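Please keep the sequence and the model in view while going through the numbered points.

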Amino acid sequence: MNRLFGSKSGAPKPTLNSAISNTETHIESLDVKLAKLTAELSTYQTRMSKMRDGPGKSALRSKALKVLQRRKQLETQRDSLSQQSWNMTQASMMTDNLANTMATVDAMKGASKQLRKQYGKIDVDKVERMQDEMAELMELGEEIQGSLGRSYDVPEDVDEAELDAELEALGEEAG
């Protein structure tokens, strides 16, 4: 059956980057050919400018027109290959962006799974009870501080003028 239809090719399929590289190489070779044709055209032009009208100049002119036609064809081919290279570069960038997006999505899935796992260990009711206990302990601490801060045997309505007079009297007794 393989004799009739052939067999599968064992060669690896070309990658996008290798296709871009091959296309760029082809464009460079076309640029070299175009430079040669441009140089050839300039020599024809200088030769024609020095010639008088006649059959020799007409023959040289027809050669120049053929070279010009070949140059135009090569320029068209180069422009087409440049566009293909650009399109392949864009496709390569899109492929890279898609790969980065997929990696980001996978990382987010892993983080989501980890967060669910961690939050699954936390009991919200226990957290609320602990918060209530902390609030009660803070209130108890304030009550204790209030009790410790109470003054003994000092009347609440003591006049400062009386205290100043008593302080002066103690100073005179000591002095």
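**Note on the predicted model**

1. Aspartate 53 counts as exposed, because its relative accessibility is 71%; exposed means over 50% relative accessible area, buried under 20%, and partly exposed in between (1.4 Å probe, protein chains only). The side chain of aspartate 53 meets that of lysine 57 in a salt bridge, with 3.4 Å from N to O. A salt bridge is here a side-chain nitrogen of Lys or Arg within 4 Å of a carboxyl oxygen of Asp or Glu. Lysine 57 has a relative accessible area of 23% and is therefore partly exposed.

2. A word on the basis of these values is in order. This is a predicted model, in which local features need pLDDT of at least 70 and side-chain atom pairs count only at pLDDT 80 or more, whereas totals for chains, interfaces and linings use all residues. Residues are numbered from 1 along each chain as its sequence is written, and side-chain values use heavy atoms, with hydrogens and water left out.

3. The overall architecture comes next. The protein has 5 helices and 0 strands, and its pattern along the sequence reads α-α-α-α-α. Helices (H or I, at least four residues) and strands (E, at least two) are DSSP runs, numbered from the N terminus. Of the 175 residues, 10% count as buried. The protein exposes about 15,300 Å², of which carbon and sulfur atoms supply 56%; such areas come from the Shrake-Rupley method with a 1.4 Å probe, and for residues only the protein chains shown count as cover.

4. How much of the contact pattern comes from residues 24 or more positions apart? Among contacts in the protein with a separation of 6 or more, these residues account for 76%. Contact means heavy atoms within 4.5 Å.

5. The structure holds 4 salt bridges. In one of them, aspartate 31 and arginine 78 meet through their side chains at 3.3 Å, N to O. This pair links distant parts of the chain: aspartate 31 lies in helix α2 (residues 16-50) and arginine 78 in helix α3 (residues 55-120), 47 residues apart. Aspartate 31 is partly exposed because its relative accessible area is 34%, and arginine 78 is partly exposed because its value is 24%.

6. Arginine 78 also forms a salt bridge with aspartate 79, where the closest N and O atoms are 3.6 Å apart. Salt bridges that share partners join Asp31, Arg78 and Asp79 into one network. Aspartate 79 has a relative accessible area of 45% and is therefore partly exposed.

7. Serine 92 is located in helix α3. Is serine 92 buried or exposed? Serine 92 counts as buried because its relative accessibility is 13%. Apart from residues up to four places away in sequence, serine 92 touches Leu16, Asn17 and Ile20.

8. Arginine 71 is also placed in helix α3. Its relative accessibility is 18%, so arginine 71 counts as buried. With neighbours within four places in sequence left aside, arginine 71 is in contact with Leu34, Leu37, Thr38 and Leu41.

9. Leucine 65 belongs to helix α3 and counts as partly exposed because its relative accessibility is 47%. From C-alpha to C-alpha, leucine 65 and leucine 41 are 8.7 Å apart in space, and they are 24 residues apart in sequence.

10. A nonpolar surface patch of about 1,000 Å² includes Leu115, Tyr119, Met130 and Leu137. Patches are made of residues with over 30% relative accessible area and no salt bridge; like charges are joined within 9 Å, and nonpolar side chains (Val, Leu, Ile, Met, Phe, Trp, Tyr) within 5 Å. Helices α3 and α4 each supply at least two residues of the nonpolar patch, and the largest share, 7 residues, comes from α4. Leucine 137 sits in helix α4 and counts as exposed because its relative accessibility is 53%.

11. Glutamate 133 lies in helix α4 (residues 124-148). Glutamate 133 counts as partly exposed because its relative accessibility is 48%.
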